[in-house]
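This briefing is intended for a reader who is new to the structure shown below.

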Amino acid sequence: MSAVLTIVLATLSSAITAYVAHLISLPHFHLLGGIPVGAVLIGVGAATGVAMAIRLTSNYDVAGFRIFAQLGGVSAYLGAVLLDYAVHQVGGHKTVPGFPDVMTILNYMRALVDAGAAAIAAQLPESVKFPTPVGVWLGVVRLFIEVLGAVVATGWAISYFTAVPFCWRNRRFFELKDVLESSNVGAVQEWEMAINQRRPMEARTLLARVRNAKVAPYDRSWMRIIIHQCPICLAARVRIEKRRRTAFGRIRTAPADELQFDAVKGSALLAT
Ligand SMILES: [Zn+2]
């Protein structure tokens, strides 16, 4: 269910983003000749589908979702460029429909690289002139940065749309450190008490017990703990949720508690 929904929503958001981006020439929208604003917007657009799937299925930004969103971001960017290419080909000298030949594709790529080099050259003072190989190199680097921009933007968008906390001190989103489901409800409550009362040693032992109580298919209800943490200062957010199976085999998720830790508490209590 969650996999199908993710694929459908991700494909839709990537395809729509690619088409709109092509219509308004987003892949070629840069600031100062090199900052890939258009590619970043494409990445954000493509990521919305996966972010919706994460929210609709009460999931979190686990690696699988992130990788899938990033593939969607790159696909949307390439899709927009390919649509541009198709129009370019139809509008150009080639009127016979069919497979584009290698020369046409190479010429189009060369045109993209040259456009990049020209845009960067336009930002430099009149007196600065670089030789052609340097221009080609700059154009290739700019294309590379665009794709990278789309990938990085999908990551930001996933974090933002799924309410991952942001560390202002280190200017980055928290990372998902752990999602664990446990049938030992008592151990989860004891663990929560131990971290609230700042007993790190006991918290560690209890967390091991929480981890060991795997959820079985016959369990009717269990707990889920989700830990997001800043990779640098170790500030963290912990969510505790109650999950239960309904009569129709669906899983209901209800928030039970949310804890915020500053850098000192986070590093002391959540180190494993
Ligand atoms: Zn931080």
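In this predicted model, helix H7 covers residues 200-212. Its 13 residues, at 1.5 Å a residue, should span 18 Å, and its end C-alpha atoms are 19 Å apart, which agrees with that expectation.

- The buried residues of H7 are Ala203, Leu206, Leu207 and Val210.
- Viewed down the axis of H7, these buried residues fall within an arc of 110 degrees, so they line one face of the helix.
- Met201, Ala208 and Asn212, on the other side of H7, are exposed.

**The largest nonpolar core**

- The largest nonpolar core contains 27 residues, and Ile42, Ala47, Val50, Tyr77 and Ala80 are those with the most contacts inside it.
- At least two residues of this core are supplied by each of helix H1 (2-23), helix H2 (37-56), helix H3 (63-91) and helix H5 (132-161).
- H2 provides the largest share of this core, namely eleven residues.
- Leaving aside neighbours within four places in sequence, Ala80 is in contact with Ala18, Ala21, His22, Leu26, Pro27 and Ile42.

**A second core**

- A separate, second core has 23 residues, including Phe174, Val210, Cys230 and Ala235.
- Val210 in this second core is also one of the buried residues of H7.

Methods
Residues are numbered from 1 along each chain as its sequence is written. This is a predicted model: local features need pLDDT of at least 70, side-chain atom pairs count only at pLDDT 80 or more; totals for chains, interfaces and linings use all residues. Helices (H or I, at least four residues) and strands (E, at least two) are DSSP runs, numbered from the N terminus. The expected span of a helix is 1.5 Å times one less than its number of residues. A residue is buried if 20 or more other C-beta atoms lie within 10 Å of its own, exposed if 12 or fewer, and partly exposed in between; C-beta atoms are placed from the backbone. The arc is that of the directions from the helix axis to the C-beta atoms. A nonpolar core is a set of buried Ala, Val, Leu, Ile, Met, Phe, Trp, Tyr and Cys residues joined through C-beta atoms within 7 Å. Two residues are in contact if their C-beta atoms, placed from the backbone, lie within 7 Å.
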